[in-house]
Structures are given as structure tokens and as C-alpha cells.
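The tour below goes from one selection to the next.

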Amino acid sequence: MLENSIVVFMSDNGAPTEGILSNQGSNYPLRGIKNSPWEGGTRGVAAIWSPLIKKSKRVSNQMMFMSDWLPTLLSAAGVNRKQLGNIDGFDLWPALVSDRISPRSEIVINIDDLSNYAAIRQGDFKYIIGRTETGSAWLGASGNSSEGTSPQYDPYKVLYSKTGIAISGVVTAKQAMKLKERKKRDIKTIYATISKTNFQEKILTIKDISEIRKEAQIKCNIKEKSKISCEPIIAPCLFNIKNDPCEMVNLAKKRPVILAVFKKILMKHRLSVIPPSNLDGDPKANPLLWNNTWTNWDEPNPLALTYTNAKEFQQYSDSATIIMSIICCLFVVGVIILFVFKCRKTNSNNEFEEFQISG
């Protein structure tokens, strides 16, 4: 099955590092958090494995948007994108397979008139304007094991795991375990033995993993004196995301022509923007008003609905209690019967022994 499969492992975009929904997630070293237009709130990472990929063992920096996954994976399955109708997504499968240029050159990150901000990426440049105070800083731990914020990464365990062996197409996990039992060698020696066979051409090595991880790592590398601050609520900001993924150098004043182009692009997209359908919060939904219960508060009689649900639950609960009681009773009766039977058997043996002695 793996010979004709595609495995995608994808992250969510942006961890909520601060605020009311904050957790231990980190977008380091990127700027911003979830629900913000900064790279830390919008950029995601993914790993793709498939024997169908011709150029493997590489880091892909091709521009891709969430809506591209549908036509891309359907294309890999042989579905023509035209069959999907007029959709926003692009088919990136040919680009991913052979490391070609992505057909996508622009991403409308968001045009949010409720929160009053907009952000667009085109080519290497990104344009941000509006209110973005929430999560606009550089937050979160680096995740480097040397800092004690995460466990030490062990490539041997990755390569020799059942998953690693299975998807590499080298040998099955069962064969590897037999090899381990037969030769009684450590993981390094076993992996070296396996890697010398003719079964694999695309299996990762320790060197491959080290190089890929190093290439995939994002580094800011911006000196303090080179940083140019950005206040998008006052004036639009412009960044070269390829050279400055951490959004530390605002190029708005240095690149006025590009800034003007983005203003026109934003105006063009605003013409086709659909008004948001968000509804204001309804204070009547507060569970405190409904016996601390989340319920369909807008129903004609939500209390009756809640009561009905509770009544049904109670009926199920009562039925379960009755069944458990019957089972317990049967168990007790069974124990008593066994005890009585054993006692009678013991008495019979005693009588037989007395008869033999008397005889």
C-alpha cells in the first residue's frame, strides 16, 4: 500500500503564546501568535513522504496556501482540477514532485474589517496594515534541547522506529527485529547493516536528517542597528519575507513603489470581499441562566429541552443500574451454589472415609 501512498504531517498555524487562551505553544523565532497577521500566526510547516515524489530529501520553500491542499492531493490521485469548478486553490503536485516553481504567487492572508486589519503576501513581499497589537511581539521558547525546553532529538530512534522502517521501503519492522535478535548489535550497527542493502535508495541517513533540519531552521540574523520598527495602525508596513522571515525590517519607506502596488492590490481584493457573517455574542446563552447547562437557548422552551435530555439520561442510567444489579445478584447466587456444592462434596468424602474405616 505504501508504494502508492502519500503521507502528510502538517502543523496548525500559530500557537496562542499569550492571552486568555495561552498555552505552552511557541512560534519562535517568528513574530506574532494565532489570530494575528504576522508570520508566527499564519505560517505553517509540513512534512510530505511518498515514493511518488521524484526529488526527495529536500526542504521545499514553494509558496502554498491551505486551499491548495485539496486540488494538490486530488491531482496526485488522478483527478483533474477543472472538475472542482471555480475554486481558490492551486494544484501544486507537479511542483512538489519535481521541485518546480509554485503556481501560487499571492496569498490574501486576511482582510478583516471587524478587527480592522489586512495582510497580503505577494512573491517575497508582505504588506500589513491596521490594528495588530495583539501578539505582535516575538514570543515563546526556542525549543532547543540545549536550553532544556525540549528533549534531545535522537535521529537513530527516528530511523529505527517501526514507522521509519516501514515508510522508508527498506525492510519491514519484523525483518529488522529479526536482524537485531540474530546479530545482537546496537542500533547504529544494525542501521549501518540495513543501509548497505540494495532495497533502498531513498532512505534517510543521519547526515540527511542533520542537513535537512539545518536547512529548514528559520534564523532571523538581523542586527539590532538594521531593525526598522513597524506600526501598521499608523502606516502600512512592508517586509521581504524571504530575507526577513521574522519581520524585523520595515521596508515601507525604502520601497515606496512596491508599497503603492500593494495598496492597489488590496483595493482590488476589497471589491470582491464578502461581508463577514459573524454574529454578536448573545448574553442569553450564558449557562448560568440555564441551570449551568450549555443548551439551545434560542429554542421556544430551552428549559424543557434541557429537562428532556436530563430525563433521557436518567432513564439510561436507571436501566444500566438495574442491569448491573441483576448481574451482581447472579454472581452472588453462583458463588453460593458453588460453595454449597463444595461443602456437600466434602461431606460425601468424609462419609466414604468413615465407611472404609468401619469396614
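**Stop 1: a pocket**

The second largest pocket holds about 420 Å³ of space. A pocket here is an open set of points on a 1 Å grid over the protein atoms alone, where a 1.4 Å probe fits, with protein on both sides within 12 Å along at least five of seven lines; lining residues have an atom within 4 Å of a point.

This is a predicted model, in which local features need pLDDT of at least 70 and side-chain atom pairs count only at pLDDT 80 or more, while totals for chains, interfaces and linings use all residues. Residues are numbered from 1 along each chain as its sequence is written, and side-chain values use heavy atoms, with hydrogens and water left out.

Select Phe65, Asp88, Glu106, Val108 and His269: of the 14 residues lining the second largest pocket, these lie nearest its centre. Next select residues 106-112, strand S3, which gives the most to this lining, with 4 residues. Strands are DSSP runs (E, at least two residues), and helices are runs of H or I of at least four, numbered from the N terminus.

**Stop 2: aspartate 68**

Move to aspartate 68, in the loop between strand S2 (46-49) and helix H2 (69-76). Is aspartate 68 buried or exposed? Aspartate 68 counts as buried because its relative accessibility is 0%; the cut-off for buried is under 20% relative accessible area, with a 1.4 Å probe and protein chains only.

Now select arginine 104: its side chain and that of aspartate 68 are joined by a polar contact of 2.7 Å. Finally, select aspartate 91, 23 residues from aspartate 68 along the chain, with 6.3 Å between their C-alpha atoms.

Note on methods: Grid points are joined across faces, edges and corners, and a volume is the space filled by probe spheres set on the points. Buried means under 20% relative accessible area, exposed over 50%, partly exposed in between (1.4 Å probe, protein chains only). A polar contact is a pair of N or O atoms within 3.5 Å; within protein, one must be able to donate a hydrogen and the other to accept it, and residues adjacent in sequence count only if both atoms are side-chain atoms.
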